[in-house]
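Here are my notes after a look through this one. Please have the viewer open while you read.

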Amino acid sequence: MKNNFSINGLLCRKSGVRSSLLLFLALAASLPSLHADALADARARFSDGEFDKAVKFYEQALETRDPSASVFYELGRTFSKTGNEARAALNFRRALVLDPRFVPAAKALRESNVALGIPPETPGWRATVLERLPMDALTIGGAAAFWLGAFVALFAVRARRRGRLAAGAVLVLAGVAALAVVWRCDPRISLRTEAMVLKNGGTQMLGTPADQSEKLAAMPEGSLVRILSQRGHWFYGRLPGGTHGWFLTEGIVPVIPPA
Amino acid sequence: MALILTLFVAAPVVRAQEVSCELNSNESRVGEPVQLVVTLRGARGAEVPQTIPVDGLRINLAGRSTQFEMNNFKLSSTITYTYMVVPLFDGDFTIPPFEIRIDKKVVRTEAIRLSVHGGARAPSSPTLPPVPGLSNPQLPPSAGSRSANDRQPYFAELLLTKKKAFVGEIIPAELRFYFNARYGGQVGERPNFSGEGFTVQKFPNAEKREQVIDGESYVVFVFKTAVTPVKSGLLQIPAARLDARLQVPGNAPQGLSDFFNNFGGAIPPGMFSNTREVALETKPVQIEVSALPKDGRPDDFSGAVGKFTLEATVSPKKAAAGEPVTLRATVSGQGNLEAMGPPTLTGDEGWRSYPPTDKLQSVDATGFTGEKTFEFPIIARQDQTQTPGLSFSYFDPVAGKYATLTQAPLPVVAKAGSPAATATGSAAPQPAASATPPPVATPPDISTMAGGATNWSSLLFRKGFLAANAGVAILWLGLLVAFAVKAFAGSVAGRQMARRKKIKEMLGRARQAEPDVFYELAAGFVCARLGAEGDFFAATGRINASPLPDSLKASLLRVLERHEESKYAAGSAIRPAVDERNDVLAALAEFNSKYEK
C-alpha cells in the first residue's frame with residue numbers, strides 16, 4: 001500500500017512537472033501574442049476615444065516587451081489627448097532617445113513644450129549629428145575601423161611597410177573619433193542622468209536641502225534637469241542654464257527608465 | 001538735500017575746578033544734535049541750569065548719571081550732566097560760560113565755540129531721513145511743549161506716502177516704533193500688520209536709529225514696507241502692533257536708600273528696574289482708493305501701475321535656421337513690478353514666439369523701485385531682418401491716466417528654420433486637450449514611424465558588443481606577441497641567446513654522456529663554445545690564440561685529440577677513466593666560465 005502510494009505519488013509528480021512544463025511552453029509561446037494584444041487593445045481604445053484605458057494598455061505593452069520608439073510615441077500622443085502634456089513630453093522624449101531621427105516625435109515634443117511654456121531647445125551640433133548618423137551603426141563602424149586599422153598596422157610593422165602603417169593609423173584614429181562622437185551624442189548616454197519635472201505646477205530649486213531654504217529657480221512642469229546626486233528625498237542637480245541646487249524627488253522622473 | 005557742514009570748535013574741552021565740559025562732536029549741521037557733557041568729580045550733588053540760552057541753538061538738559069568708586073574705603077562719585085544741543089541755523093556760535101553750584105561753591109565753565117553751516121531745517125522735525133514721497137510725516141505724539149518727565153516712554157506711528165491711491169498702486173510706508181533712550185528692553189522681530197482690502201509687502205529686518213525729539217533721545221525701530229490696495233473705496237488701514245519688553249525704573253528696597261543717604265549720595269539711576277510687557281500700536285489710517293478707469297484702457301494693459309520706462313536688446317544678432325533668438329525687454333521704474341505682466345510683441349507675424357521668462361531686480365527692500373526683465377524666445381518662421389516690436393501699457397497714478405511705451409523692432413538676421421517649420425502651425429501656446437475627449441480620435445500614423453533602438457543601453461555598453469571587441473582584442477594581442485617573439489628570435493640578441501642555450505645543453509649532455517661518446521660530446525662542446533662547430537682545425541687555432549691558462553689549453557687540446565683518436569679507432573672508442581673524466585669536466589667548466597671574459 002505504501003509502495004503503491006509512493007508510485008502513484010511519483011507518477012502524479014511526474015505528471016505535474018510535465019503539465020507545468022507544457023503550461024510554461026504554452027505561455028512562452030503566447031507572450032508575443034499577449035504583447036500584440038495589449039498594443040492592439042491600446043490602439044483600439046485610442047481609436048474609440050477611450051484615452052485613459054489606452055494609456056493603461058500602452059503601459060502594459062511596454063512592460064512586457066522591448067522598448068519601442070513607436071509605442072512611446074503613441075503613448076505620448078495618448079497622454080496629450082488626456083491633457084497631460086508633461087507626461088506626453090516625457091514619452092515623446094523617450095521615443096527620441098530610442099530613435100533620435102523620429103521626426104513625428106520631435107514635432108510632437110515641440111508642441112508639448114509650447115503647451116507647457118517650456119522654451120525651445122537650441123539645436124546644436126549633436127542634433128545635427130543625430131539627424132544624419134544612426135548611433136548603433138556608427139558604433140559598429142567605429143569599432144570595425146579601429147580593429148581593422150589595428151590589424152593593418154600590426155602586419156605593416158611586421159612587414160616593414162610604412163604606407164600600410166599610416167593607413168592603419170588613420171583607420172584607428174577614425175574609429176576612435178567615431179566612438180567619441182557616439183559617446184557625446186548618443187542620447188542613451190548623454191541623457192542617462194536627465195530627468196523631467198512631472199509635478200503639477202512644477203517645483204522649486206533650493207539652495208540647500210531644506211524646505212525653508214533660499215529659492216534659486218523655478219522648475220516648471222515639463223522642464224529637464226540633470227541629476228547629480230541624491231540625499232534622502234532630495235536630489236542635487238543642474239538646470240540647463242547652469243544653476244545648481246536641491247529639489248525634492250517627488251514628481252521627478254528619469255527620462256531613461258531605470259532598469 | 002543734506003549739506004555737508006564744516007564745523008570748528010575752538011576749545012572742545014574746558015576745564016574748571018572739579019568740572020569738565022566738552023562737546024561729543026566737533027561737527028554738526030542744522031537740526032543735527034550734539035551732546036554737551038558736563039562732568040563733576042568728587043561732588044555729591046550740583047545745581048545746573050535746565051537750559052542754556054544761545055541764539056540759534058537750543059540747549060536743554062537731557063539727563064544726569066552718577067558713578068560711584070570705592071578706593072581705600074573712600075567713596076567718591078562722578079556726576080555727569082548731558083545737554084542736547086540742537087543747531088537751529090547755520091553760522092558760528094558760542095556757548096557762553098554758565099554757572100554750576102556745587103554745595104556752596106560756584107564754578108564757571110569756559111565758553112565753547114561751535115560753527116554750523118547748512119540749509120535751514122525745521123528744528124522740531126525728526127532727524128530720520130524722509131520716506132521717499134512722504135510729504136507730511138506725522139509728528140510723534142510726544143512732540144510738543146510737554147516736559148521730558150511727562151513724555152511717553154514709547155509710541156509708534158505709521159507713515160504713508162499718500163492718502164489717495166488707485167487699486168494696485170504700491171504705497172511705500174514706514175512703521176516707526178519709538179523707545180525713550182533712557183529705558184532698555186527688547187522688541188519683537190516683526191510687527192503685526194494686516195487687514196482687509198490691501199496687501200502688505202514682506203517686512204525686511206528693522207533699521208535701528210537714534211532720534212532726538214524736543215531734546216529727548218529716542219531709539220527708533222523702522223520697518224519699511226509697502227501697502228497695495230486691492231479694492232476701491234475708503235480703505236481703513238488698521239493699527240500695526242509691535243510687542244516689546246521694557247526695563248522701567250523701579251524703587252529701591254527700603255533701607256538701601258538710607259544706606260546711600262548716609263554716604264551723602266543718592267542711589268544711582270537705573271540700579272533698580274522693573275520689566276514691563278508693552279505693545280506699541282500705530283494709529284489707524286484711512287486711504288481713499290479709486291478703481292482704475294475703464295476709459296482709455298489699452299488692450300495690452302497687464303496691470304502695471306506706476307511709472308516705468310522700457311528698453312530692449314536682442315541676442316544673438318545672427319541666428320541660423322531654426323536657432324532661437326532672445327528678445328530681452330527691461331521695464332524699469334517705480335510701481336508694482338512684481339505683479340505686472342510682460343510687454344506684448346507687435347509685428348511678430350513672421351516669428352514664432354514662446355511665453356517669456358522674467359526676472360525681478362529691486363533696489364529697495366519693498367520691491368517698489370527696480371527693473372523687471374522679460375526674455376522672449378522667438379524663432380523666425382520666415383527669413384527676418386528685424387525682431388518684433390514691443391508694447392507695454394501701464395497706469396500712471398500721478399497723471400491719473402494710462403500710458404503706452406513702445407519699442408521699435410531691433411535689427412537681427414535670422415533665417416527660417418526647418419525644425420520650426422515642421423512644428424506647430426500656431427505660435428501661441430496650445431491649450432490642453434479637453435478632459436472629455438471626442439468619441440472618435442485619429443489613431444497615430446504608424447506608417448511614418450521609424451524603428452529605432454529596442455534597448456535603453458547604448459551599443460557601447462552592451463555585453464555582446466563588449467565580448468566581441470574583447471575577442472578581437474585578444475586575437476590582436478596574440479598576433480602581436482607571436483610577431484614579437486619571432487622578430488626577437490631572428491635578431492642578433494635572439495641568436496646569441498639561442499647559442500648560449502645550446503652550449504649549455506651540450507655541456508649538460510657531456511656530463512651525462514656514456515663513456516663511449518664522452519669525448520665526442522666534450523669536443524663538440526669545445527668547438528661550439530669556440531664558435532667553430534665541427535672544425536677541429538679552427539678550434540685548435542683559437543685555443544692556442546686565446547689568453548686561457550696553458551694548463552687549460554693543454555686539457556682542451558687533449559680533449560680534441562682524444563676525440564680524433566676515438567673517431568679513427570675503428571669501432572673501439574676511448575673510454576676515459578673516472579678521474580680523467582672528472583678532470584675533463586672540470587676543465588670544460590673552467591673553460592666555459594673563463595672564455596671571452
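1. A quick definition before the first pair: helix axes here are lines fitted to C-alpha atoms over the stretch in contact, and angles run from 0 to 180 degrees between N-to-C directions. Also keep in mind that this is a predicted model.

2. Start with chain A, where helix H7 (residues 135-159) and helix H8 (residues 162-185) have axes that come within 7 Å and cross at roughly 155°. With angles over 145 degrees counted as roughly antiparallel, that makes H7(A) roughly antiparallel to H8(A). The crossing of the pair H7(A) and H8(A) is left-handed. As for what sits in the contact of H7(A) with H8(A), the classes come out at 24 nonpolar, six polar and one charged residues.

3. Chain B has a helix pair as well: the axes of H4 (residues 492-512) and H5 (residues 515-530) come within 9 Å, crossing at roughly 160°. By that angle, H4(B) is roughly antiparallel to H5(B). H4(B) passes H5(B) with left-handed crossing.

4. Now helix H3 of chain B, residues 463-489. Its 27 residues reach 39 Å from first C-alpha to last, close to the 39 Å expected at 1.5 Å a residue. Is H3(B) buried or in the open? The number of buried residues in H3(B) is zero out of 27, so the helix lies largely in the open.

5. On to the sheets. Strands of a sheet pair through backbone hydrogen bonds, either parallel or antiparallel. One open sheet in chain B has three strands in the order S25-S30-S31, with antiparallel pairing. S25 (344-346) and S31 (401-407) of chain B stand at the edges with a single partner strand each, so one side of each has no neighbour in the sheet. On average, neighbouring strands of this sheet are turned by 30° against each other, direction ignored. Seven bridges link S30(B) (residues 389-396) to S31(B) in the antiparallel sense, and B:Phe392 stands opposite B:Leu405 in S31(B).

6. Another open sheet of three strands in chain B runs in the order S23-S32-S29, and here the pairing is mixed. Its edges are S23 (318-319) and S29 (384-386) of chain B, each with a single partner strand, so one side of each is left without a neighbour in the sheet. S23(B) and S32(B) (residues 411-414) run parallel, joined by two bridges. Which residue of S32(B) is the bridge partner of B:Ala319? That partner is B:Ala414.

Definitions and conventions. Residues numbered from 1 in each chain as written. Chains lettered and ligands numbered in written order. Predicted model: local features only at pLDDT ≥ 70, side-chain atom pairs only at ≥ 80, totals over all residues. Helix = DSSP H or I, 4+ residues; strand = E, 2+ residues; numbered from the N terminus. Parallel < 35°, antiparallel > 145°, perpendicular 65-115°, else oblique. Left-handed = near helix turned anticlockwise from the far one by under 90°. Nonpolar A, V, L, I, M, F, W, Y, C, P; charged D, E, K, R; others polar. Pairing = 2+ DSSP bridges. Expected span 1.5 Å × (residues − 1). Buried ≥ 20, exposed ≤ 12 C-beta atoms within 10 Å, placed from the backbone.
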